[in-house]
Amino acid sequence: MSRSVPHLVFVMCDHQRADSLGMMQAGVEVAPALNGLAARGTAFTRAYSTCPLCVPARTALATGRYPTATGVITNDWRGDSARDCTPIHQLLYEAGWEVAHIGVHHVRVRPELRERVPFALWVDQADHREYLEERGVVEDKAALSAFRRPVRERHGDVFEVKPYSNTRTAVWPHPAESFLDRYWCRRAAEFVRAKHDRPFALFLYLWAPHPPLRVPEPYASMFDPERLELPANVGVPSPGEPAGRRLGIAAQLAEGVSDAEWRRVWAAHLGLVRLAHDGIGEVLRAVDESGLGDDTLTVFTVDHGEHLGQHGMYQKMEMYEQALRIPLVLAGPQIRTQRVDQPVSHLDVLPTLLELLGLAGMPEADGRSLVPCLREGIPPSPRPVFAQYSGNPAAGDMRRCILRERWKAVFDPRDTAELYDLEADPLEMENLAADPKWKTLLAE
């Protein structure tokens, strides 16, 4: 029998692409835990982030509000610009859930998250550093500088030089069990197996496959670079790309990277995805082995995707599908097994979870509940999906994106517009914005 109030296991990765769902590369399954969830739940194949950047995306997801509503429009690590928006962690705690946080802390609200919620468990990077020190594992911080590349980024109307994670790959020379994400997954499995007197909500925020691309064995050798099938536009900018795109961070990070190097980047990235999902599988097994499988709502998603060389770009921070489209899978009591191809937004997650967990909705939320789709198979009604980017550490490059069924439009106040037919041109290599034929559609 399912509980009237189920447990929640909410898992996020960082930089994992939407096409990882069901992907096989070099004869190896890339994301088995995600595929397992999709086999018994609902997979939204066209889910989109509100922002292709960590902190704005995660804060928007947790609060159900656009970045311009939360105040967090850039990677504001200290939360200086954050506003008083209620996160899902607080809503669940106040409704009686035991709430745990394990992983990166990228949700920025005021008051701060830990001031709002007395977490039953909080595990972050500091705990992992202590774990490594106890085992005599010392990271060579000087060597990490080789995994950074200086780029010129726009701050307002000026450019400043800042370092970003580059495309360098290497083997992490320690056991995979000691790797950050595997440590966090182990702690998450322990939390699930512990005794709980009330429903729990576990938020597991993994770092992988975010660069730097240092990968422990056996994952470093799991995907043979020469056997990988890469998209045709790796290393190839769109002919109709706005002139200013080559000044963006993502384009600069990809400058001078050879085809062979992109293959190594893909192999390392896929290795980190598989490492993360082997750990997630451990958490999901703990749920089943604890007899909680029928009483647990499980959600998997990511903050944003990763270009991996497509369009001659690396990391995120642009509006192409590789950076903006994300995996979103829900499984649990009364949720259908299905694939849904209509566009949905990250902002739909919070209203959906509140309804699934029997809680009152949030009138101020910018998304909508997807429960009719999850429970009855009713497709989400057509609705534009919006995304925004306003710079990384400070307001700078600006993009605004509108998705409507097969069409995507991107607007930049400093550059020409973009319009893509995602059905006819899934790689977004033909910008139709300048074609008079589509003038009315673009205006709409």
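I began with helix α7 (residues 180-193) and helix α9 (residues 259-289), which pack at an angle of about 5° with their axes 9 Å apart. My axes are lines fitted to C-alpha atoms, for helices over the stretch in contact, and the angles run from 0 to 180 degrees between N-to-C directions. The two helices are therefore roughly parallel to each other (angles under 35 degrees count as such). Among the residues making the contact are Arg-182, Cys-185 and Ala-189 of α7, and Ala-276, Val-283 and Ala-286 of α9; contact means heavy atoms within 4.5 Å. I sorted the residues of this contact into 10 nonpolar, 1 polar and 7 charged. For that sorting, Ala, Val, Leu, Ile, Met, Phe, Trp, Tyr, Cys and Pro are nonpolar, Asp, Glu, Lys and Arg are charged, and the others, Gly among them, are polar.

A note on sources: this is a predicted model, in which local features need pLDDT of at least 70 and side-chain atom pairs count only at pLDDT 80 or more, while totals for chains, interfaces and linings use all residues. Residues are numbered from 1 along each chain as its sequence is written, and side-chain values use heavy atoms, with hydrogens and water left out. Helices (H or I, at least four residues) and strands (E, at least two) are DSSP runs, numbered from the N terminus.

Next I looked up strand β13 (residues 325-331): 6 of its 7 residues are buried, so it is largely enclosed by the rest of the structure. Buried means under 20% relative accessible area, exposed over 50%, partly exposed in between (1.4 Å probe, protein chains only). Strand β4 (residues 42-48) runs antiparallel to β13, joined by 5 bridges, and Phe-44 stands opposite Leu-328. Strand β12 (residues 296-302) is also antiparallel to β13, with 4 bridges; here Phe-300 has Val-329 as its bridge partner. Strands pair if DSSP finds at least two bridges between them.

Then I turned to Arg-58 in helix α2 (residues 54-63). Arg-58 is buried, at 3% relative accessible area, and its side chain makes a polar contact with that of Asp-14 at 3.4 Å. A polar contact is a pair of N or O atoms within 3.5 Å; within protein, one must be able to donate a hydrogen and the other to accept it, and residues adjacent in sequence count only if both atoms are side-chain atoms.

Last, the backbone. Most residues other than glycine have a negative phi, and most peptide bonds are trans. Leu-308 has a positive phi near 50° and is buried at 1%. Pro-211 and Pro-212 are joined by a cis peptide bond, omega about 15°.

How values were computed. Angles under 35 degrees count as roughly parallel, over 145 as roughly antiparallel, 65 to 115 as roughly perpendicular and the rest as oblique.
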